[in-house]
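I have opened my notebook for a walk through this structure. Come along and check each entry as I go.

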Amino acid sequence: MVTSPFIPQFLMLDDILSRHVDLWQGVPFDCLDLPWRDTHPELCRWLDAQSLSSLQTFKESPQLLIDAVSAWLPECSQLHEASVVPEHTTSHLLCDGVWATGIPGRKWSQIQAFNQSLPPIKQGRWLEWCAGKGYLGRMLAVSRDASVTSLEWQKALCEDGQAYADKHNLAMRFVQGDAFSLDNRVLLDECDHAVALHACGDLHVTLLRHAVNTAVESVTVSPCCYHLIQHSAYQPLSRYAQNSSLTLSRHDLKLPLQETVTAGQTVKNKRFIEVSFRLGFDALQRTLNKVDCYLPVPNVQKSLLNEGFSAFCHWAAEQKNITLPAGTDFEHYQQVGEVRFHHVEKMETVRTLFRRPLEIWLVLDRAIYLQENGFDVDVTTFCKRELTPRNLFIHAIRKG
């Protein structure tokens, strides 16, 4: 049986998350009001007294939120403490900015931070999983004088990345292939270190499974987009997660991604317009269809939002084959949508308390799984959340 400091941390998170699923699971768009008025009346009264701007402040400042609601949810502090992981000690493996050509500034900073958090190993054979144009692999090749194999599904990205590497005499080899294909597991046997920066969902999970079943020396991932999975519900990796009572839908797995620290005010304003329009149309369709459940509509071109709520409703009705009667009171339903937006924000504010804890639960499941299969594992952050909220860093070295 594996002994690990991650296990008590995981079990504490699992216990609190499991006992409070009513506060964070479910779809806020489905709800016309706060669904826990009977079970948490004082919390609901406090939420009702908050403006949209104050709710936004609490969503962006978890500690402020914890201080505000701990009287009614006393386990918040414990939940927060169980969600803290240490910062990684960084190396001095810097890469000159001349190599940042074509890489957005924020992405370059993330790659730099990820590389500096890896062990300061020079040379060696590296595998870059889900490589895109090979930006991370480029940094590994330059800063470590390493040999890099970059696996990428899209042919055009492989061609662009290989052209850059050839032009600058970098020891990089691009392989076009499906990360889910067992055929590419051999790439791990051919490398010493496998890395994935923000590979989505089952893509990075597949890498971890391959690491367990090959001879690769070390594997390092920064997870992203936990909801992009092949099954309809989350498939736990470790024995401890498999024994949990939690069942996580794809919607549940989106919760950790609802971080807004990198969103500007313009983005937030556009979100208010789009979400209130969607909720207003939903109120209208509930009346017309005599139903009491949310009706999702497809993604909309943002330019349509500038044409107003009525234009949005006509577009959405067309998408759903709904006939809007003459004389529809669009102003009324727009106001309903704005009120419902406030309800959604109240629910999302409470869900904020469970956002990072759920992400840590998911990351610890991965870490414990690797420990169960013969790896020494560290879980840290590789950068500040202001650079990217997806800053968790799983580094595993095969024992022996």
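**Entry 1: Gln110**

I started at Gln110, which is buried with a relative accessible area of 8%. Here buried means under 20% relative accessible area, exposed means over 50%, and partly exposed lies in between, with a 1.4 Å probe and protein chains only. I found Gln110 in helix α7 (residues 105-117). Helices are DSSP runs of H or I with at least four residues, strands are runs of E with at least two, and both are numbered from the N terminus.

What does Gln110 touch, leaving aside its neighbours within four places in sequence? I noted Leu197, His198, Phe382, Leu387 and Thr388. Contact means heavy atoms within 4.5 Å. I also looked up His193, which is 83 residues from Gln110 in sequence and 19 Å away in space, C-alpha to C-alpha.

**Entry 2: ground rules**

This is a predicted model, where local features need pLDDT of at least 70 and side-chain atom pairs count only at pLDDT 80 or more, while totals for chains, interfaces and linings use all residues. Residues are numbered from 1 along each chain as its sequence is written, and side-chain values use heavy atoms, with hydrogens and water left out.

**Entry 3: Leu11**

I went to helix α1 (residues 6-19) and picked out Leu11. Leu11 has 40% relative accessibility, so I put it down as partly exposed.

**Entry 4: the nonpolar cores**

A nonpolar core is a set of buried Ala, Val, Leu, Ile, Met, Phe, Trp, Tyr and Cys residues joined through side-chain atoms within 4.5 Å. Which members of the largest core touch the most others? They are Phe354, Trp361, Leu370 and Val377, in a core of 73 residues. Helix α17 gives this core its largest share, 14 residues.

I followed Phe354 and, not counting residues up to four places away in sequence, it touches Leu17, His20, Leu23, Trp24, Leu79 and Leu255. I then found a second, separate core of 28 residues, with Ala100, Leu140, Leu170 and Phe174 among them.

**Entry 5: helices against α17**

Two packed helices are described by the angle between their axes and the distance between the axes. The axes are lines fitted to C-alpha atoms, for helices over the stretch in contact, and angles run from 0 to 180 degrees between N-to-C directions.

I took α5 (residues 62-69) and found that it packs with α17 at about 110°, with the axes 10 Å apart. That makes α5 roughly perpendicular to α17. Angles of 65 to 115 degrees count as roughly perpendicular, under 35 as roughly parallel, over 145 as roughly antiparallel, and the rest as oblique. Leu65, Ile66 and Val69 of α5 meet Thr349, Thr352 and Leu353 of α17. I sorted the residues of this contact into four nonpolar, two polar and no charged. For this sorting, Ala, Val, Leu, Ile, Met, Phe, Trp, Tyr, Cys and Pro count as nonpolar, Asp, Glu, Lys and Arg as charged, and the others, Gly among them, as polar.

Next came α16 (residues 309-319) with α17 (residues 330-372), at an angle of about 90° and with axes 10 Å apart. These helices are therefore roughly perpendicular to each other. On the α16 side I noted Phe309, Ser310, Cys313 and His314, and on the α17 side Phe330, Tyr333 and Gln334. By class, this contact has four nonpolar, three polar and no charged residues.

**Entry 6: helix α4**

Which residues of α4 (residues 52-60) are buried? I listed Ser54, Leu55, Gln56, Phe58 and Lys59. What covers these buried residues includes α3 (41-48), α5, α14 (265-289) and α17.

**Entry 7: positive phi**

Most residues other than glycine have a negative phi. I looked up Cys130, where phi is positive, near 55°. Cys130 is in the loop between β1 (125-128) and α8 (135-144), and is partly exposed at 27%. Asn169 also has a positive phi near 55°. It sits in the loop between α9 (155-167) and β3 (172-176), and its 70% relative accessibility makes it exposed.

**Entry 8: cysteines**

How many disulfides are there? A disulfide is a pair of cysteine sulfur atoms within 2.5 Å, and I counted zero. For Cys44, the closest cysteine sulfur is in Cys31, 11 Å away, which is too far for a bond. Cys44 is buried, at 1%. Cys383 is in no disulfide either, with the nearest cysteine sulfur, that of Cys224, 12 Å away. Cys383 counts as buried at 13%.
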